[in-house]
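Open the model in a viewer, with the sequence panel beside it. The stops below say what to select and what is there.

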Amino acid sequence: MPTQLPSYESIALGLGLSAGIGLLGYWRGALTRSGVLGAMLTGTAIFGFGGFVPGLLLVAFFVSSTLLSRFKGRVKEKFSEKFQKGSRRDLGQALANGGWAALLAIGMGAAHWFAWDTRAQILWFAAFLGALATVTADTWATELGVLSDALPRLITTGRVVPAGTSGGITRLGVFSALCGGAFIGLMAALGILAQALALQNLGWNGGWNFISDASATYAFTLLMLGAGSGLLGSLFDSLLGATAQGIYFCEYDETQTEQKIHSCGQPTRLVRGWSWLDNDAVNFSAAVLGSLFAALAAFFIL
Ligand SMILES: [Zn+2]
């Protein structure tokens with residue numbers, strides 16, 4: 001196992017692991033072919049440059065999202081026409097969800113490579129945590145919120161809107177976002193604990209030496225950091241969805257949708273927002289905001 005990051009071994013290991021997980025995702029119907037490429041790009045960068053704990057968080061995001069999208073799949077089918085894309089994730093979605101985290105992981109690698117002080121490395125890690133907490137929170141909120149009995153309300157005006165509408169939130173969805181973010185924080189704490197045990201018993205430090213504090217206080221801080229940044233990031237996602245995101249109308253069956261070409265085959269027309277700001281761009285922007293919040297919070301508390 002590599003003890004310094006980034007190294008040829010860690011990058012090769014990252015490529016091997018992410019190719020394996022990507023192909024498994026393809027076989028299980030969670031990824032398209034271009035989605036496998038996306039999983040390999042983000043997985044190699046995150047594991048190769050970020051190391052064991054960031055790699056673990058990426059796997060936690062991917063596995064939990066895939067399982068939740070399968071959960072009550074029949075009930076969800078009727079909403080699928082509203083969403084821009086189907087349940088298989090493509091390259092755009094993989095980069096929207098993991099791209100910012102991958103860039104931050106490369107930053108973590110650089111912080112280690114150039115031997116920046118421990119504090120700078122912790123802030124990079126916090127930013128990474130915030131990015132993955134946000135995309136996880138947002139996916140959990142989408143997958144579970146759509147099952148709510150209550151109709152969603154627009155985050156901006158509070159007006160009741162049909163289920164599946166961009167920018168609509170429910171209590172269940174917001175609670176799910178909080179849980180998704182907390183889940184990533186918890187996994188980070190468990191990963192750091194596992195890393196501390198590996199260092200003690202096997203002499204392997206997961207490629208890093210700066211995150212060695214496996215105390216309960218530190219674990220709790222990571223949990224709160226994940227929950228807070230995940231919730232905030234996913235609310236920002238809804239805010240963009242309700243305002244700036246490009247939303248279209250299909251004249252043929254009179255429905256609002258995120259699709260430029262509706263799933264019925266008809267072209268749609270833009271009714272609000274910017275056409276370039278599609279669902280992928282919104283997810284990416286939310287990840288950036290979540291990471292900034294987490295880094296800022298870590299700056300004051302850690
Ligand atoms: Zn249509």
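The tour goes from confidence to the core, then to one helix, and ends at the strands.

**Before selecting.** This is a predicted model, in which local features need pLDDT of at least 70, side-chain atom pairs count only at pLDDT 80 or more, and totals for chains, interfaces and linings use all residues. Residues are numbered from 1 along each chain as its sequence is written.

**Colour by pLDDT.** pLDDT is the predictor's confidence in each residue, from 0 to 100. The protein chain has a mean of 87, with 91% of its residues at 70 or more. Helices (H or I, at least four residues) and strands (E, at least two) are DSSP runs, numbered from the N terminus.

**Select Leu57, Ala101, Leu104, Phe128, Leu129, Leu132 and Ile184.** These touch the most other members of the largest nonpolar core, which has 69 residues. Helices H2 (33-50), H3 (52-70), H5 (91-113), H6 (118-145), H7, H8 (216-242) and H9 each supply at least two residues of this core. H6 gives the most, 15 residues. A nonpolar core is a set of buried Ala, Val, Leu, Ile, Met, Phe, Trp, Tyr and Cys residues joined through C-beta atoms within 7 Å. A residue is buried if 20 or more other C-beta atoms lie within 10 Å of its own, exposed if 12 or fewer, and partly exposed in between, with C-beta atoms placed from the backbone.

**Stay on Leu57.** Leaving aside neighbours within four places in sequence, Leu57 is in contact (C-beta atoms, placed from the backbone, within 7 Å) with Leu132, Ile184, Met187 and Ala188.

**Select residues 171-202.** Helix H7 has 32 residues and reaches 45 Å from its first C-alpha to its last, close to the expected 46 Å; the expected span is 1.5 Å times one less than the number of residues. Gly203 follows H7 and has a positive phi, near 75°.

**Zoom to Leu172.** Leu172 lies in H7. Not counting residues up to four places away in sequence, Leu172 touches Leu144, Gly145 and Ser148.

**Select residues 247-250.** Strand E3 pairs with strand E4 (residues 255-257) in the antiparallel sense over three bridges; pairing requires at least two bridges found by DSSP. Three bridges also join E3 to E5 (residues 269-272), again antiparallel. The bridge partner of Phe249 is Gln256 in E4 and Arg269 in E5. Four residues separate E3 and E4 in their hairpin, and Glu254 in the turn has a positive phi of about 50°.

Key: Contact = placed C-beta atoms within 7 Å.
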